[in-house]
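My notes follow in the order I made them.

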Amino acid sequence: HLVALPDGTVDKSNVNGVPPDLMIKPFGSKGTIESIRKFTTNPLVSHHGIQADERLEDDPRKEIHPFHQWDDGDGYDHEATRGDVTALVIWQAAQPIPVQIIPDDPVIAQAVADGNKTFKEIGCATCHIPQLIVDDPIFREPSRIDPAKSFSFDITRDGPEPRFERTIDGKAIAYAYTDLKRHYMGEALREPIDEPNVDSATFITAELWGVGNTGPWMFNGRAFTLDQAIRMHGGKAQASRDEYIALSNQKQREIVEFLKSLVL
C-alpha cells in the first residue's frame, strides 16, 4: 500500500507486486514490459536481428552520422519502420482471445466444474484471479495521448472472434486468471540471471487463459505436465501447492481437467 506524507511525498516501501514506478507491466515472465509495442520491438532485435527505427531514435551516433541515424551497424537501414511495428502491434492486440471449452463427455464436464471449485478453495484464485475488468475497451496505437494520430478499435466488438466479453456498462472482461503482480516463487524456481530490479526467483503471475494447450509450462518451459507445473510452485504459492499435494488423486485430476479446459 501507498502512504501519502504531509510534505507531499509518497512512501512506497510497503508496495508489493508492482514496480517502484507503480506502472503495471503485464508482459514478460518478470513483468518488466509495459506495452505490446515494447514487447514487439524487443523480440524483433533479440530473436530476429531486426532493429526497429524507434529503438534507435536516441542513438548518440546519429549526431555523428546524421544520414545513417537508423544504422545499428549491420549495414541495413529502416529494418522495421514505425508503420511496420504499429501493424504488428495491432495484429497482436486483435488476436482471438483464449476461451473455456467444456468437453461433451458429462463425466469430464463434471470434473472440470469440480476442479474449478477446488482450484478456488485451495487458494489458487488468490493470485490467478479468474477475471479482470478493463474500464476502457478501446485499444489505441501508437498513442493514447494524441488520438488523432492513433488507430483504434473496440476489443469487444471489432476483430476476429472470440472477443472480450462486454459488460452492460461498456467495459470489457478479461478471463485471464492473473493478478498482474510479481511474487516470490521459491528458491527451486530461482534462475541463474537476474533481470534489472527484479529478483531472479520473482515472477509475474502467469495468466492461465490458454494454459490447456500451450505447454510446456512454467516460466521457461521446465514443466512438461500441468500437474508438474503446480508442484513446482513455491514461495507465495507454497501454501496452495501444499494443499494441492494433500488432495486425493481424483481431486488433483479434476483441477488438471479444469486447467485443460482453458484453451486457445
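Entry 1. I counted the cavities of 30 Å³ or more and got two. I keep in mind that this is a predicted model. Rolling a probe the size of a water molecule over the atoms shows where empty space is left.

Entry 2. I looked up the largest cavity, which holds about 50 Å³ of space. Its lining includes Ala-93, Ala-94, Gln-95 and Ile-97. Phe-153, Ile-155, Asp-158, Pro-160, Pro-162, Arg-163 and Phe-164 also line the largest cavity. I sorted this lining by class and noted eight nonpolar residues, one polar residue and two charged residues.

Entry 3. I went on to the second largest cavity, with about 40 Å³ of space. Among the residues that line it are Gly-17, Val-18, Pro-19, Met-23, Ile-24 and Lys-25. Lys-30, Gly-31, Leu-180, Lys-181, Arg-182 and Ile-204 are in the lining of the second largest cavity as well. By class I noted six nonpolar, two polar and four charged residues there.

Entry 4. I turned to the surface. Which residues form a nonpolar patch there? I found Leu-2, Val-10 and Leu-22, which together have about 240 Å² of accessible area.

Entry 5. Is Leu-2 buried, partly exposed or exposed? Its relative accessible area is 46%, so I wrote down partly exposed. The cut-offs for this step are under 20% for buried and over 50% for exposed.

Conventions:
Residues are numbered from 1 along each chain as its sequence is written. This is a predicted model: local features need pLDDT of at least 70, side-chain atom pairs count only at pLDDT 80 or more; totals for chains, interfaces and linings use all residues. Side-chain values use heavy atoms; hydrogens and water are left out. Patches are made of residues with over 30% relative accessible area and no salt bridge: like charges are joined within 9 Å, nonpolar side chains (Val, Leu, Ile, Met, Phe, Trp, Tyr) within 5 Å. Accessible areas come from the Shrake-Rupley method with a 1.4 Å probe; for residues, only the protein chains shown count as cover. A salt bridge is a side-chain nitrogen of Lys or Arg within 4 Å of a carboxyl oxygen of Asp or Glu. Buried means under 20% relative accessible area, exposed over 50%, partly exposed in between (1.4 Å probe, protein chains only). On a 1 Å grid over the protein atoms alone, a cavity is a set of points where a 1.4 Å probe fits but cannot get out, and a pocket is an open set with protein on both sides within 12 Å along at least five of seven lines; lining residues have an atom within 4 Å of a point. Grid points are joined across faces, edges and corners, and a volume is the space filled by probe spheres set on the points. Ala, Val, Leu, Ile, Met, Phe, Trp, Tyr, Cys and Pro count as nonpolar, Asp, Glu, Lys and Arg as charged, and the others, Gly among them, as polar.
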